Amino acid sequence: MPYPEDYLETVEQARQERDSGRERALEAKVSNIAGYDTVFLGFPIWGETAPPVIRAFLSAHDLSGKTLIPFVTHGGYGLGNSRSVLASHAPKARLRDGFVMEADQERRTMNQVNDWLSGIKVSG
Ligand SMILES: Cc1cc2nc3c(=O)[nH]c(=O)nc-3n(C[C@H](O)[C@H](O)[C@H](O)COP(=O)(O)O)c2cc1C
């Protein structure tokens, strides 16, 4: 099931999935994960943590003994508890610091555009 088109509905659904610990169904698994020594795992921060599908990916693949390198974007609030989620879902992986950067924040864009629109007066 795809997430809703509406941003705020998606945020709400992601929050529920976070709080319930529910995992998303994976569309596919990596069939020969045993053949890799290093896994780069990229994701955005959702609800101050890793998105549900990232938990699902880690639960579905055995990363024991592998080097796990996250590369993460967030909307200005940082990594949240995502590192401890990685550590608990891939307990036998060697978790590296990886890469973090602030990226677009839909909520900020939405609020600023809405503020602007409600503050201007146009005629006609
Ligand atoms: C459902 C949802 C929840 C989000 N929660 C957070 C959050 O808790 N903290 C934060 O800094 N950014 C949050 N964001 C912003 C995303 O981290 C940001 O949009 C993303 O890193 C940008 O990368 P993308 O364009 O690949 O999604 C959230 C975005 C979505 C869609």
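Trainee: Quick one to start: which residue stands opposite leucine 68 in strand 3?
Mentor: Leucine 95. Bear in mind that this is a predicted model, where local features need pLDDT of at least 70, side-chain atom pairs count only at pLDDT 80 or more, and totals for chains, interfaces and linings use all residues. Residues are numbered from 1 along each chain as its sequence is written.

Trainee: And how many bridges join strand 2 to strand 3?
Mentor: Two, and the strands run parallel, with strand 3 covering residues 94–95. Strands here are DSSP runs (E, at least two residues), helices are too (H or I, at least four), and numbering goes from the N terminus. Two strands pair if DSSP finds at least two bridges between them.

Trainee: What about strand 1 and strand 2, in which sense do they pair?
Mentor: Parallel, over seven bridges, between residues 38–44 and residues 67–74. Glycine 42 has phenylalanine 71 of strand 2 as its bridge partner, and proline 44 stands opposite threonine 73.

Trainee: Which residue of strand 4 does threonine 73 stand opposite?
Mentor: Methionine 101. Strand 2 and strand 4 (residues 99–102) pair in the parallel sense over four bridges.

Trainee: Switching to helices: at what angle do helix 2 and helix 3 pack?
Mentor: About 20 degrees, with the axes 9 Å apart, for residues 52–60 and 82–89. Axes are lines fitted to C-alpha atoms, for helices over the stretch in contact, and angles run from 0 to 180 degrees between N-to-C directions. So helix 2 is roughly parallel to helix 3 (angles under 35 degrees count as roughly parallel).

Trainee: Which residues make the contact?
Mentor: Arg55, Leu58 and Ser59 from helix 2, and Val85, Leu86 and His89 from helix 3. Contact there means C-beta atoms, placed from the backbone, within 7 Å.

Trainee: Last one: which hand is the unit made by strand 1, helix 2 and strand 2?
Mentor: That β-α-β unit is right-handed: with the strands pointing away from the viewer, the path from the first strand over the helix to the second runs clockwise.

Methods
Parallel < 35°, antiparallel > 145°, perpendicular 65-115°, else oblique. Contact = placed C-beta atoms within 7 Å.
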